[in-house]
Amino acid sequence: MRKEVTIRINPHLSELESDYLYHLGLSSTEDLKKIFNGAQYICMGGSPVRAEEFARKTAETLNIDVPIVPIGKTERYSLYLVGPVISVSHGMGMPSLSILLNEMTKLIHYSENKAFCYIRIGTSGGIGLEPGTVVISQNGLNAKLQPYFEQDVMGETRTYPTQLDPELAREIYESRGHIPVLLGNTIGTNDFYEGQGRCDGALPPDYGEKEKLAYLQQAYKQGARNMEMEASLFAAFCCRAGIPGAIICATLINRFNGDQATSTPQQLTQYSEAAQNLVLQFIKADRNTHN
Ligand code: R2B
Ligand code: URA
């Protein structure tokens, strides 16, 4: 079993007669406990195709014979359950992930799960790393390179810390085997193009290569080793909720060398599979230790 978790859950939920998890197409009136109570590893990734692939690989790795069919509706997210593992897609960017994290956390609360962790498995742009390296995040950083996530609530900005669970990160690191892995900070931005200092967006940027490289150098100095579009929100949500969370991202490119992911489709698949494989190696080892 994973460590016991007490979610800092919204007390107002107990006042609801029923809670419809609209984007998942599931409701608290269903027997969620019966379906999801044994889920210990809640794995999230951007793409629905990769969520299905990860579910299939989990079934193979853990030797679990279940049909790989989504639970709930698939209009927004695709959710699979394979033994102790949930594999669910979250879309691209923080607004989409935020909705999923809210509804997923309520689902886990209604399912009365006591021991679990959240793991985001994704892709990213590397900062000073050989493409294909997998980064386990220590801290989320925002695009200003601060260890905070900022959320506007009713016109006022709230600031939340973005420290990830060091013990979970260490446990995953120890499962690395031959996969090239390192620990580092991860920048979460609100855009793929100018938000990540790219010079290849559709509109003329008001900066050039020199400014971009200076930003990447500064990021590197502050311990950032990769850049994606969810880390700061994911880390802040896990911190606020009291849920152990980890972010495991493959790097598709080295941003010091360019903006475009020019590796072959096969290489890109291989890179993102390395992140999935690391998480599967961790889950397998963890189950041997704790079950
Ligand atoms: C990584 O890849 C996506 C953009 O290509 C985005 O969701 C992210 O964080
Ligand atoms: N995902 C990102 O957000 N940025 C990259 O450079 C690659 C993948």
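The shell around ligand 2 has, by class, four nonpolar, four polar and two charged residues. The model is predicted, and the values below are computed from it.

**Ligand 2**

The residues surrounding ligand 2 are Thr123, Ser124, Gly125, Phe192, Gln196, Arg198, Met227, Glu228, Met229 and Ile253. Two strands, strand 6 (117-126) and strand 11 (224-228), each contribute at least two residues to this shell. Strand 6 gives the largest share, three residues.

Polar contacts to ligand 2 involve both backbone and side-chain atoms. A polar backbone atom of Gly125 lies 3.4 Å from an oxygen atom of ligand 2. In the side chain of Gln196, an N or O atom is 2.9 Å from a nitrogen atom of the ligand, while an N or O atom in the side chain of Arg198 is 2.6 Å from an oxygen atom of ligand 2. On its own, ligand 2 exposes 240 Å², of which the protein buries 91%.

**Ligand 1**

Around ligand 1 stand Met92, Arg120, Thr123, Phe192, Glu228, Met229 and Glu230. By class, this shell holds three nonpolar residues, one polar residue and three charged residues. Thr123, Phe192, Glu228 and Met229 are listed for ligand 1 and also for ligand 2.

The side chain of Thr123 has a polar atom 3.2 Å from an oxygen atom of ligand 1. For Met229 the contact is through the backbone, with a polar atom 2.8 Å from an oxygen atom of ligand 1.

| Ligand | Residue | Part of residue | Ligand atom | Distance |
|---|---|---|---|---|
| Ligand 1 | Thr123 | side chain | oxygen | 3.2 Å |
| Ligand 1 | Met229 | backbone | oxygen | 2.8 Å |
| Ligand 2 | Gly125 | backbone | oxygen | 3.4 Å |
| Ligand 2 | Gln196 | side chain | nitrogen | 2.9 Å |
| Ligand 2 | Arg198 | side chain | oxygen | 2.6 Å |

**Helix 4 and helix 7**

Helix 4 (residues 166-174) and helix 7 (residues 265-290) have axes that come within 8 Å and cross at roughly 100°. Angles of 65 to 115 degrees count as roughly perpendicular, so helix 4 and helix 7 are roughly perpendicular to each other. Helix 4 makes the contact with Leu168, Glu171 and Ile172, and helix 7 with Leu278, Phe282, Asp286 and His290. The residues of this contact divide into four nonpolar, one polar and two charged.

Definitions and conventions
Residues numbered from 1 in each chain as written. Chains lettered and ligands numbered in written order. Predicted model: local features only at pLDDT ≥ 70, side-chain atom pairs only at ≥ 80, totals over all residues. Heavy atoms only, no water. Near = heavy atom within 4 Å. Polar contact = N/O pair within 3.5 Å; in protein donor to acceptor, adjacent residues only side chain to side chain. Nonpolar A, V, L, I, M, F, W, Y, C, P; charged D, E, K, R; others polar. Axes fitted to C-alpha atoms, helices over the stretch in contact; angles between N-to-C directions. Helix = DSSP H or I, 4+ residues; strand = E, 2+ residues; numbered from the N terminus. Parallel < 35°, antiparallel > 145°, perpendicular 65-115°, else oblique. Contact = heavy atoms within 4.5 Å. Areas by Shrake-Rupley, 256 points an atom, 1.4 Å probe, with all protein chains shown as cover.
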